[in-house]
Amino acid sequence: MVLIVTIVAVLAAVLLANGTKETSMQLLQWKGTGTTKNLQEVILGRCYNYITTVNPELRDKDCQKIWETMQKAFIYKNPCNITTEDYQLLLDLASHPIPCNKSLFWSKTNDLVHRYTKTNHSFLTLEDTLLGYMADGVSWCGNPSSPGINYESCPKWSECESNPTSVYWKMASKMFAEAACGVVQVMLNGSIEAGAFRSNSIFGSVEIFNLDPDKVSAVQIWLMQNIGGPASESCTGHSITRLKSILEERNLRVSCEDNYRPVQLLQCASDPDHADCRLCTNSVQ
């Protein structure tokens with residue numbers, strides 16, 4: 001009888017352990033990329049590089065403390081239950097002033113806008129600030145069970161809104177917009193069939209509503225079409241008209257330019273013999 005009871009107890013323990021393991025594994029089943037390998041080294045390396053070579057004026061920033069604060073924001077936490085409070089101290093530690101007339105926002109022009117800011121240091125995107133520089137292209141999320149970080153998968157933005165990267169970027173974007181002053185620029189993609197301005201983008205849902213009309217004197221839209229097209233939208237298009245209306249309702253002056261020449265010249269550097277680029281070259285002569 002004692003032997004039977006013992007066997008039953010062992011079986012129950014095994015089943016319980018398996019059930020716990022399955023529950024733990026369920027936490028790993030997300031559709032997005034898992035936490036970037038060697039995340040600590042990546043964040044620390046980028047932070048130290050930024051404050052020593054990119055922007056030495058920030059040399060007094062404490063990169064070790066910034067990393068530790070970032071890690072505490074998500075480690076051992078359910079990746080769908082991250083709050084703005086989790087990141088507030090991190091943003092306070094890593095934020096820095098943005099000079100007036102230098103803020104450049106973007107949507108669906110990731111590669112082009114950052115090629116431009118690398119060649120023209122008159123402008124800064126969010127990814128050119130410390131917060132954006134550290135996290136650009138990096139993914140991370142926690143797991144309630146050990147080791148506290150999920151390296152297998154993380155939630156996509158579409159799976160749950162309050163995931164670690166989504167909350168981080170929305171907060172950083174909000175702070176970047178709030179800091180903007182003077183004339184600000186936004187680079188949009190005029191070759192997208194659905195429209196250059198999307199109200200559900202970070203720019204359309206966060207940044208434009210956090211521009212301060214008392215600090216921002218004007219918004220200049222650069223609507224860039226791909227070399228060779230398609231020319232899906234111009235400055236008189238439907239989505240741009242809607243964007244202008246939103247900005248004007250917030251008492252912001254707005255202008256728009258199709259294929260802003262300095263950026264178009266950069267595009268043509270990759271395909272100088274294209275007909276669009278020959279026209280661009282002729283217009284410069």
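## The link between cysteine 47 and cysteine 63

The torsion about the S-S bond that links cysteine 47 and cysteine 63 is -85°, which makes this link left-handed. Cysteine 47 belongs to helix α2 (residues 39–54) and cysteine 63 to helix α3 (residues 63–74), so the pair ties together parts that are 16 residues apart in sequence. The model is a predicted one, and in it the sulfur atoms of this disulfide are 2.1 Å apart.

## Overall disulfide pattern

The structure holds 6 disulfides. A disulfide is, in general terms, a covalent bond between the sulfur atoms of two cysteines. When the bonded cysteines are counted along the protein chain, the disulfides follow the pattern 1-2, 3-7, 4-8, 5-6, 9-10, 11-12; the link of cysteine 47 and cysteine 63, described above, is one of the disulfides, and two others are taken up below.

## The link between cysteine 100 and cysteine 181

Cysteine 100 is joined to cysteine 181 by a disulfide with an S to S distance of 2.0 Å. The angle about its S-S bond is -110°, and the link of cysteine 100 and cysteine 181 is left-handed. Cysteine 100 sits in the loop between α4 (84–94) and β2, while cysteine 181 sits in the loop between α7 (164–179) and β4, so this pair ties together parts that are 81 residues apart in sequence.

The two ends of this bond are described by their relative accessible areas. Cysteine 100, at 41%, is partly exposed, because the partly exposed class lies between the buried limit of under 20% and the exposed limit of over 50%. Cysteine 181 has a relative accessible area of 10% and is therefore buried, as this value falls under 20%.

## The link between cysteine 268 and cysteine 277

A further disulfide joins cysteine 268 to cysteine 277, with an S to S distance of 2.3 Å. With -95° about the S-S bond, this link too is left-handed, and cysteine 268 and cysteine 277 are each buried.

## Helix α5 and what covers it

Helix α5 spans residues 110–119, and its buried residues are Leu112, Val113, His114, Tyr116 and Thr117. The elements that cover these buried residues include the strands β2 (104–107), β4 (182–189) and β5 (216–224), together with the helix α10 (261–268).

Definitions and conventions. Residues numbered from 1 in each chain as written. Predicted model: local features only at pLDDT ≥ 70, side-chain atom pairs only at ≥ 80, totals over all residues. Heavy atoms only, no water. Buried < 20%, exposed > 50% of the residue type's maximum accessible area, 1.4 Å probe, protein only. Helix = DSSP H or I, 4+ residues; strand = E, 2+ residues; numbered from the N terminus. Contact = heavy atoms within 4.5 Å. Disulfide = S-S within 2.5 Å.
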